[in-house]
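Thanks for taking a look at this one with me. Below are some notes to read alongside the model.

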Amino acid sequence: MFTSVSTRASSAYKRVAAETGVQGADAHHLVGLLFDALVQSLNQARGALERGEIDVKGASLVKAVRILEEGLKPGLNLREGGELAGNLHRLYDYGIQRLTQANLRNDGAAIAEVVGLIEPIAQSWQQIRGAVPARGA
């Protein structure tokens, strides 16, 4: 059965941050929650790999890949988002590829690379909060 992109994205948002008041959050806040959960998962994976906790590393990387694939990518409007949306889409695809490789090879450098790519975007997303007008305002 086919589900719409917005339905899949909404489901991902709810899974990632079910305990943080997702029901009343606006779209900007939801994406911020996804970025927070993504960075947290990546840091958990790095720590688990350093401690030799391969099962925790694997679960954390799977979660990070799902956030990219099911949460952040579907939220991009490739038709109206122009070059920025296209660049983010390619970045998310690259992140998914590198995290998959990191999981298979226990490659901490690949995880660190993705953290280095995602953290500035996540921080920028939080900073633009005041510049984004609220819907219905």
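The numbered points go from the whole chain to single residues.

1. Ground rules. This is a predicted model, in which local features need pLDDT of at least 70 and side-chain atom pairs count only at pLDDT 80 or more, while totals for chains, interfaces and linings use all residues. Residues are numbered from 1 along each chain as its sequence is written, and side-chain values use heavy atoms, with hydrogens and water left out.

2. Overall make-up. The protein chain has five helices and zero strands, in the order α-α-α-α-α. Helices (H or I, at least four residues) and strands (E, at least two) are DSSP runs, numbered from the N terminus. Of its 137 residues, 37% count as buried; buried means under 20% relative accessible area, exposed over 50%, and partly exposed in between, with a 1.4 Å probe and protein chains only. Among contacts (heavy atoms within 4.5 Å) with a separation of 6 or more, residues 24 or more positions apart account for 60%.

3. The core. The largest nonpolar core has 27 residues, and L42 and L72 touch the most other members. Helices α2 (27–51), α3 (54–72), α4 and α5 each supply at least two residues of this core. The largest share, nine residues, comes from α2. A nonpolar core here is a set of buried Ala, Val, Leu, Ile, Met, Phe, Trp, Tyr and Cys residues joined through side-chain atoms within 4.5 Å. In soluble globular proteins, nonpolar side chains tend to be buried together.

4. Leaving out residues up to four places away in sequence, L72 touches V31, L34, F35, L38, I67 and Y92. L61, in helix α3, counts as buried because its relative accessible area is 1%.

5. C-alpha distances to I96. L61 and I96 are 35 residues apart in sequence and 9.3 Å apart in space, C-alpha to C-alpha. R66 and I96 are 30 residues apart along the chain, and their C-alpha atoms are separated by 8.6 Å. R66 lies in helix α3 and is partly exposed, with a relative accessible area of 39%.

6. Helix α2. How far apart are the end C-alpha atoms of α2? They are 36 Å apart, which agrees with the 36 Å that its 25 residues should span at 1.5 Å a residue. The expected span of a helix is 1.5 Å times one less than its number of residues. Just after α2, G52 takes a positive phi of about 80°.

7. N106 sits in the loop between α4 (82–105) and α5 (108–127). Its phi is near 50°, a positive value in a residue other than glycine. Most residues other than glycine have a negative phi. N106 counts as partly exposed because its relative accessibility is 36%. At the start of α5, a side-chain oxygen of D107 reaches to within 3.0 Å of the backbone nitrogen of A109.

8. Helix α5. The 20 residues of α5 should span 28 Å at 1.5 Å a residue, and its end C-alpha atoms are 28 Å apart, which agrees. Please look at I118 too: α5 bends there by about 25°, and a proline, P120, follows within four residues. The bend at a residue is the angle between axes fitted to the seven residues ending there and the seven starting there. The buried residues of α5 are A110, I111, V114, V115, I118 and A122, and they pack against α2, α3 and α4.

9. A buried arginine. R98 lies in helix α4 and counts as buried because its relative accessibility is 16%. A polar contact of 2.8 Å joins the side chains of R98 and Q101. Such a contact is a pair of N or O atoms within 3.5 Å; within protein, one must be able to donate a hydrogen and the other to accept it, and residues adjacent in sequence count only if both atoms are side-chain atoms. Not counting residues up to four places away in sequence, R98 touches D107, A110, E113 and V114.

10. The aromatic pair. The count comes to one aromatic pair: F35 and W125, tilted, at 6.4 Å centre to centre with 50° between the planes. Rings of Phe, Tyr and Trp (its six-membered ring) pair if their centres lie within 6.5 Å; planes under 30 degrees apart count as stacked, over 60 as edge-to-face and the rest as tilted. The pair links distant parts of the chain, with F35 in helix α2 and W125 in helix α5, 90 residues apart. F35 is buried, with a relative accessible area of 2%, whereas W125 is partly exposed, at 25%.
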